[in-house]
Amino acid sequence: MEVRVRYAPSPTGLQHIGSVRTALFNYLFARSQGGKFILRLEDTDRSRFSDAYVQNMYDTFSWLGFYWDEGPDLGGPCKPYIQSERFELYREHAQRLVALGKAYYCFCSDKAAAAEPSNPAEGDGQDEAPAGFGYPRTCRALDPAEAKRRADAGESHVIRLKIPLEGTTKFTDLLLGDIEWKNADVNPDPVLLKSDGYPTYHLANVVDDHLMGISHVMRAQEWIPSAPLHMIMYDAFGWTPPALCHLPMVLGQDGHKLSKRHGSTAVDEFRTKGYLKEALINYVAMLGCSYEDGRDLFSLEDLSRLFTIEHINKAPAVFDYVKLEWFNGQYIRMKGDEELVSLMTPYLAAAGLVGDKPSAAESALLLAAAPLVRERLKYLSDAPAALAFLFTEPPLPPLEEFIPKKLDAARAKAALALCKQLLAAVGVDSHEEAEAAFRSKAEAEGFKLGDLLMPLRVAVTGTKVSPPLFESIKVLGVDKALPRIDRAMEALS
RNA sequence: GUCCCCUUCGUCUAGUGGUUAGGACACCGGGUUUUCAUCCCGGCAACAGGGGUUCGACUCUCCUAGGGGAUACCA
């Protein structure tokens, strides 16, 4: 049987790192099985829907670079792939269930149907017997013909699924094994078709998964409680359900479902911060799953080949921003000069250091600068601060920045004078020669090499922390460095 | 409250009856080094608890505890 899996986001918010992980697992499973990965837009919540979120969804996956085989933009044999465009389908199916006696019209107001404990605790620990929550199934007792007449007459209604009052529903989860529910514990008669005519997730997802030939449903474990409900629906329709696989959740440091309070969660935020897609994909793929023992760097292609359900963990995983940062550093260091330049350019441009389309001169400068920062960037957004001195004259730092420990302003100024001399005499075209010259001069004049270089570093780059000095000056140009030294010497006078 | 799922170093994980319980991140030491990084070497650190099964349990089973999730006309 052909493997067909889907990612079914709801455009009611920015793409979340947790959902993207679900998408990735689905994608990897499809690829590893030679199957198809399908995108379906679940835009049935009209109150929270926004076009901006749809756009964000496309932007996110275009950026990440793993894409679906069928979807709203690509088309495919099961189109349309947008649920709002399949509107009629759901009504038909809901009514079919009503006709089958598996569902019923409900005229209760939203409020009357609201979930609430039928036996609130008294508060002293002497709790009453369970009783449960949820819709009290009021309209289930209505006469079907009468109900149909009221619905046809235009009375506001929803359609609810009849959950069997007795018995159990069981299913086999590919990861978790057999799971059995007492029907009495299943959400009592959930809404299938809302009063606005749109389906709820439960109806739409079952109808579409069936119609689109979805073979495996991989989704987060938070969905487990609605699985029996879906199984009951497949059974009511007389359909064979897809295989189910509930993926471990992603938690924040405090052990709760990952959310904004834990830090960035929107893929957009990671992107803006300067994470590489390779790092994000690699890291997220390893949350709750392992590949080859002993290896930790995997490309999307590697993952596509190595992915297996057997290697997914059952336990939830904590999202570790620190480890993601390490991955990011690893991938930044793997970039060649040109690619690193193109990755950094938007950040540099945003900081006003270069034009949006860098000039030839700027490009040359960037290319020369890439090797200086590659080992030093944690995020692409670190680039502007690290390279600003190449594009603008840095503001004069506080004087104490120039003065090495145990030395004074006069000594610092003397050091700068020596540096200026050396720069003029030997230049920095050759690191070896420059270093040798500075080293012997330092020794001759009673400076530690670091104490000689630090004032120069601060004068030229504006900070005590910079890329390697000689290389930096070489890229900047000695002619641009000298005035900065003069400026510093004056300030120290 | 009720139901369901889960449980190896702080974190991500390897491990499928017999291992000195391995790796990675973090952390702590040390080395390289003109700052910061990178890089290299070393160290710390875990099978939730209790019953079984077994010659032998991290591995199988049961119970307890703890954690998480679900209990919507949101997905």
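**Exercise 1.** Which element gives the most to the lining of the largest pocket?

*Solution.* This is a predicted model, in which local features need pLDDT of at least 70, side-chain atom pairs count only at pLDDT 80 or more, and totals for chains, interfaces and linings use all residues. Residues are numbered from 1 along each chain as its sequence is written, chains are lettered from A and ligands numbered from 1 in the order in which they are written, and side-chain values use heavy atoms, without hydrogens and water.

Step 1. On a 1 Å grid over the protein atoms alone, a pocket is an open set of points with protein on both sides within 12 Å along at least five of seven lines, where a 1.4 Å probe fits; lining residues have an atom within 4 Å of a point. The largest pocket holds about 1,100 Å³ of space, a volume being the space filled by probe spheres set on the points, which are joined across faces, edges and corners.

Step 2. Its lining comprises 37 residues, with P9, S10, S19, E222 and W223 nearest the centre. Two or more lining residues come from each of strand 1 (4-7), helix 1 (17-33) and strand 8 (216-220). Helices (H or I, at least four residues) and strands (E, at least two) are DSSP runs, numbered from the N terminus.

Step 3. Helix 1 contributes the most, with five residues.

**Exercise 2.** Identify the domains that meet at this lining.

*Solution.* Step 1. Chain A is divided into domain 1 (4-82 + 250-322), domain 2 (86-247), domain 3 (335-391) and domain 4 (399-491); the bounds come from an automatic or database domain assignment.

Step 2. Domain 1 and domain 2 each supply at least three residues to the lining of the largest pocket.

Step 3. Between the centres of domain 2 and domain 4, taken over C-alpha atoms, lie 74 Å.

**Exercise 3.** Describe the sheet of order 3-4-7.

*Solution.* Step 1. Three strands form this open, antiparallel sheet; two strands pair if DSSP finds at least two bridges between them.

Step 2. Strand 3 (103-106) and strand 7 (191-193) each have a single partner strand, so one side of each lacks a neighbour in the sheet.

Step 3. Four bridges join strand 3 to strand 4 (residues 158-161), and C106 stands opposite V158.

**Exercise 4.** Locate the salt bridge of D208.

*Solution.* Step 1. A salt bridge places a side-chain nitrogen of Lys or Arg within 4 Å of a carboxyl oxygen of Asp or Glu; the whole structure has 27.

Step 2. D208 meets R40 at 3.8 Å, N to O.

Step 3. D208 lies in helix 5 (residues 201-211) and R40 in the loop between strand 2 (36-39) and helix 2 (51-64), 168 residues apart.
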